[in-house]
Amino acid sequence: MTETMVRLEAVEKSYGAVHALAPTSLEIARGEFLTLLGPSGSGKTTILNLISGSVAATGGKIWIGGRDVTHLPSNRRELGMVFQNYALMPHMSVFENIGFPLRVRQYSEAEIRKKVHEVLEVIRLEGYANRKPKELSGGQQQRVAIARCLVYNPDLILMDEPLGALDKKLRDQLQLEIRRIHRTLGVTLLYVTHDQSEALVLSDRICLMNSGKVEQIGTPDELYFRPRTVFAADFLGDSNILDVSVVSNGKQAKLTTRSGFQIEGVQTSLSAPVAKVMIRPESLIVAEDGNKEPNTLTGLVEDITLAGGVVDIQVRLDNAETINVRRLTTRDFRATERGRPITLRVQPSDVVVLE
Ligand SMILES: Nc1ncnc2c1ncn2[C@@H]1O[C@H](COP(=O)(O)OP(=O)(O)OP(=O)(O)O)[C@@H](O)[C@H]1O
Ligand SMILES: [Mg+2]
């Protein structure tokens, strides 16, 4: 049995006429890494603030560790928070910054020294204890902010875009660091980001937010391979979204795209005559010309781009429809020229019918 760490029951938040969060129910298991992902203004920070208690709910109930905290003030909820602007105290050393939460909790001098040095090891900043924040890089400061919240062993840590201000290399590095910390300490982590790849890398589950509502919640695999809506398919990863007419439904449905591409063997119980489907660019296989197998289509290469380890090929189908194909880069990728016909194939299991 997994224990529930956080439970929201129909929690909502309005600011006058603005519905920042529609009634939302959500459970986070103890030890889980759950990420709130979504575009700007979708309600991610609102959920975090409601859980931390810095904002009061307009309705609903919130439990942390089995305790109803709905009306409990922020400082009695015993959780850790890390924000985008790490807000270390500039006049204090790294040691004093990290030790501060312990001092507030009246730990002894010896205990503080022991615990601070333990977390300095966790964040790999042994030897930096006496520096001031301004003598650290942005990434190091952010690690200190994380340490300051790990030091008193909270059961639950909330992080709001903690890597938002850092460059790509440093983000990647700290992402791995956060994942490692989560795994070693087994702490429950609720993480906010609008970066889909960060969410995929870090999370046990992703809660995708859209306009103050939960759009879809599931493991990274579920969201990536089985998005339910156009919004989810579009927000996570790159996708081709095509309009189709449903020729027949059931376990072996037949669909036709606007350009006349016929897809057979898809599973859908859809009864509507038209729908949208998603095909990931990497699910399209470049086949030999003249291949007449099922689920094969032809088009013209419109553009081809080297994007590092992958090559993106834009293919124009009839009827002004285009489709993007992604392959691993090979040295001879330019052999596929612009304007040339190209034959593509897709497995029916890689075609996802959207709501
Ligand atoms: N104090 C407030 N007064 C009025 N409206 C607010 C207030 N705080 C948030 N909102 C509104 O609530 C909605 C959700 O805001 P929230 O901060 O949760 O978004 P977010 O998903 O964290 O976005 P971002 O990625 O930009 O940080 C937004 O439309 C926002 O304008
Ligand atoms: Mg926010």
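This is a predicted model: local features need pLDDT of at least 70, side-chain atom pairs count only at pLDDT 80 or more; totals for chains, interfaces and linings use all residues.

Biologist: Is glutamine 106 buried or exposed?

Modeller: Glutamine 106 is exposed, because 7 other C-beta atoms lie within 10 Å, and a residue with 12 or fewer counts as exposed.

Biologist: Which residues of H2 are buried, then?

Modeller: They are Val94, Asn97, Ile98, Gly99 and Leu102. The elements that cover them include H3 and H4.

Biologist: How do H2 and H3 lie relative to one another, by distance and angle?

Modeller: Helix H2 (residues 94-104) and helix H3 (residues 109-122) have axes that come within 9 Å and cross at roughly 125°. H2 is therefore oblique to H3. The crossing of H2 past H3 is right-handed.

Biologist: Which residues of H2 and H3 meet there?

Modeller: From H2, Phe95, Ile98, Gly99, Leu102 and Arg103 take part, and they meet Ile112, Lys115, Val116 and Val119 of H3. Ile98, Gly99 and Leu102 are also among the buried residues of H2.

Biologist: Let me step back to the whole chain. How many helices and strands are there?

Modeller: The chain has 8 helices and 20 strands. Its C-alpha atoms fill a box of roughly 80 × 50 × 40 Å along the principal axes. Of its 355 residues, 35% count as buried.

Biologist: Into which domains is the chain divided?

Modeller: There are domain 1 (4-233) and domain 2 (238-354). Their centres, taken over C-alpha atoms, are separated by 39 Å.

Biologist: How many residues of each domain are in contact with the other?

Modeller: On the domain 1 side there are 6 residues, and they are in contact with 6 residues of domain 2.

Biologist: What about the largest nonpolar core? Which members touch the most others?

Modeller: That core has 87 residues, and Ala147, Ile157, Leu158, Leu190 and Val277 touch the most other members. Helix H4 (residues 138-150) gives the most to the core, namely 6 residues. At least three residues come from each of domain 1 and domain 2. As a general point, nonpolar side chains tend to be buried together in soluble globular proteins.

Biologist: Take leucine 190. What is it in contact with, leaving aside its neighbours within four places in sequence?

Modeller: Leucine 190 is in contact with Val6, Ile28, Leu34, Leu48, Ile51, Leu156 and Leu158. Of these, Leu48 and Ile51 are also among the buried residues of H1.

Biologist: How many residues of H1 are buried?

Modeller: Helix H1 (residues 44-52) is mostly covered, with 9 of its 9 residues buried. They include Lys44, Asn49 and Ser52. Glycine 53 follows H1, and its phi is positive, near 90°.

Biologist: Back to positive phi values. Where does alanine 10 lie?

Modeller: Alanine 10 lies in strand S1 (residues 4-15). Its phi is near 50°, a positive value in a residue other than glycine. Alanine 10 counts as exposed, because it has 12 C-beta neighbours inside 10 Å.

Biologist: One more. Where is threonine 329 placed?

Modeller: Threonine 329 is in the loop between strand S18 (322-328) and strand S19 (341-345). With 12 other C-beta atoms within 10 Å, threonine 329 is exposed.

Biologist: And what does threonine 329 contact, apart from its neighbours within four places in sequence?

Modeller: Threonine 329 is in contact with Leu306, Gly309, Val310 and Val311. Threonine 329 and proline 162, by comparison, are 33 Å apart in space from C-alpha to C-alpha, and 167 residues apart in sequence.

Terms used: Residues are numbered from 1 along each chain as its sequence is written. Chains are lettered from A and ligands numbered from 1 in the order in which they are written. A nonpolar core is a set of buried Ala, Val, Leu, Ile, Met, Phe, Trp, Tyr and Cys residues joined through C-beta atoms within 7 Å. A residue is buried if 20 or more other C-beta atoms lie within 10 Å of its own, exposed if 12 or fewer, and partly exposed in between; C-beta atoms are placed from the backbone. Helices (H or I, at least four residues) and strands (E, at least two) are DSSP runs, numbered from the N terminus. Domain bounds come from an automatic or database domain assignment. Two residues are in contact if their C-beta atoms, placed from the backbone, lie within 7 Å. Axes are lines fitted to C-alpha atoms, for helices over the stretch in contact, and angles run from 0 to 180 degrees between N-to-C directions. Angles under 35 degrees count as roughly parallel, over 145 as roughly antiparallel, 65 to 115 as roughly perpendicular and the rest as oblique. A crossing is left-handed if the near helix is turned anticlockwise from the far one by less than a right angle, and right-handed if clockwise.
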